[in-house]
Amino acid sequence: MRGVRSQPGWGELRPATAPAPASQTVPAEVIDASQLEMLRRVSPDGSLLRKVVDAFLVEMPANLSALSDAVKLGDPPSVRQAAHRMRGAAANLGATAVAGLCAQLEQLALEGHLTAAPAILVGLGAELERAGVALRGAAELPAS
Amino acid sequence: MRILAVDDEQVSRLVLQGLVESLGHECLIAEDGDEAWQLIGDTSPDVVITDWMMPGTDGMELCRRIRARTDGSYIYVIVATSLTERDNVLRGMEAGADDYLTKPLNQFDLETRLVAAKRVTTLLAELARYRAELARLARTDPLTQLRNRLSLGDDLAELHARARRYGRSYCLAMCDVDRFKAYNDTFGHQAGDKMLREVGDTLGTAIRQGDLLYRYGGEDFLMVLPEQTAHLAARAAERARAALESLGVAHGGAAPGDVVTISVGLAAFDPDGNMTSDDVLRHADTALYEAKAAGRNRVVLAGVQPSR
């Protein structure tokens, strides 16, 4: 029998994790596919995934603008609340980059220091855009 | 199972609902803690899966409220939170949660939690049934199936407090089977038991709805007559005494043709005085002794009520 060693290792399954010469601001993956795969498995006709992605696309712009307002107003509790909601939504669809930036904002708000928030907010807007495009594509794809 | 999913964020709600339904459970949805609390009262779910951080009533407050409920069956509570909020998990469990799930949720974690939830809620429902049955048995006299002395203690304390507060009267009628020992000696203890059951049945049929009958001791029964004046209670006691006599259960004691009878000592609570329920009981007992001394098979009213 072939042993475990003959199986491809992590390094072979994933894109190289070594520092790429390309721009560092672009993560290798926009969406962690495992959450999407689970949603497809639970509802093989893709209806659940479509419904969830649809809700994500509808509520995220509003969440982002609420978050942005709270940052402008220098209101840490509201920043924390809005970032928390966005993080939950993003994590559920495997939008790890979005979730990560929201977690950073939550942490800043919790500590009461919002000085770094506007910069993160800019990155969040961009990541949200990319996640939205990727999710829209994923939801319209037939189950593989 | 019926599962209530609580989250203030729509994507999380949809995912949770999809997972719950894919596992064959009914899923109710609440968008915040207050709506969840309302739904819990209306629908009695088996399991509540709640987000931690929500505006208004949050996950911790919801846990506390669920555990503070005194009625209804046990609700299994699962807190959903992210890995970075581990401190919340412990606080949630201390506030009454049974388990936790980390976000993002996945089907496997949910399914395993629900297996435990099913087991625990089934066990606790069984326990609640046993407990209710035991509580009933503890308050029931096994021979006559009447309420017993333990039950009397609670019921009388409640009745007495109510009567005092609202200035109402009540009466107690202590009923004792005449020459019970002689009956036992003649027919044996098993026959004595059977006779006590008959006496209990007869007295139970003679009292009005709202009146209560207890087995007080060996051959003693106590009738509790709420909201009754001594005059009305005396008529009720006399009705019960006559009913037993006319039943004609052969006593076979001293004289031929003798039947089983009771003597009754009756006492009324005077709301204008300062009586305790023990005082009323004692007056009834004294009146019972007077009934015995006067020749048995009669009702004697203790001289404690104002004559009007």
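Guide:

Strand β5(B) has a covered face, made up of Asp99(B), Leu101(B) and Lys103(B), and an uncovered face with Tyr100(B) and Thr102(B). In a regular strand, side chains alternate between the two faces of the sheet. The model is predicted: local features need pLDDT of at least 70 and side-chain atom pairs count only at pLDDT 80 or more, while totals for chains, interfaces and linings use all residues. Residues are numbered from 1 along each chain as its sequence is written, chains are lettered from A and ligands numbered from 1 in the order in which they are written, and side-chain values use heavy atoms, with hydrogens and water left out.

The strands named here are DSSP runs (E, at least two residues; helices are H or I, at least four), numbered from the N terminus. β5(B) is joined by 5 bridges to strand β4 (residues 76-82) of chain B, and the two run parallel. Two strands count as paired if DSSP finds at least two bridges between them. Within this pair, Ala80(B) stands opposite Leu101(B).

Chain B as a whole contains 10 helices and 10 strands. Of its 308 residues, 47% are buried, that is, under 20% relative accessible area with a 1.4 Å probe, counting protein chains only.

Chain B also meets chain A, with 21 residues from each chain in the contact (heavy atoms within 4.5 Å). Together the chains bury about 1,800 Å², 62% of it on carbon and sulfur atoms; this is the accessible area (1.4 Å probe) lost on being put together, summed over both parts. Val11(B), Leu14(B) and Met53(B) supply 32% of the area that chain B buries against chain A, more than any other three residues. The interface holds 1 salt bridge, defined as a side-chain nitrogen of Lys or Arg within 4 Å of a carboxyl oxygen of Asp or Glu. Asp8(B) forms a salt bridge with Arg85(A), with the closest N and O atoms 3.3 Å apart.

Note on methods
Buried < 20%, exposed > 50% of the residue type's maximum accessible area, 1.4 Å probe, protein only. Buried area = accessible area lost by both parts, 1.4 Å probe.
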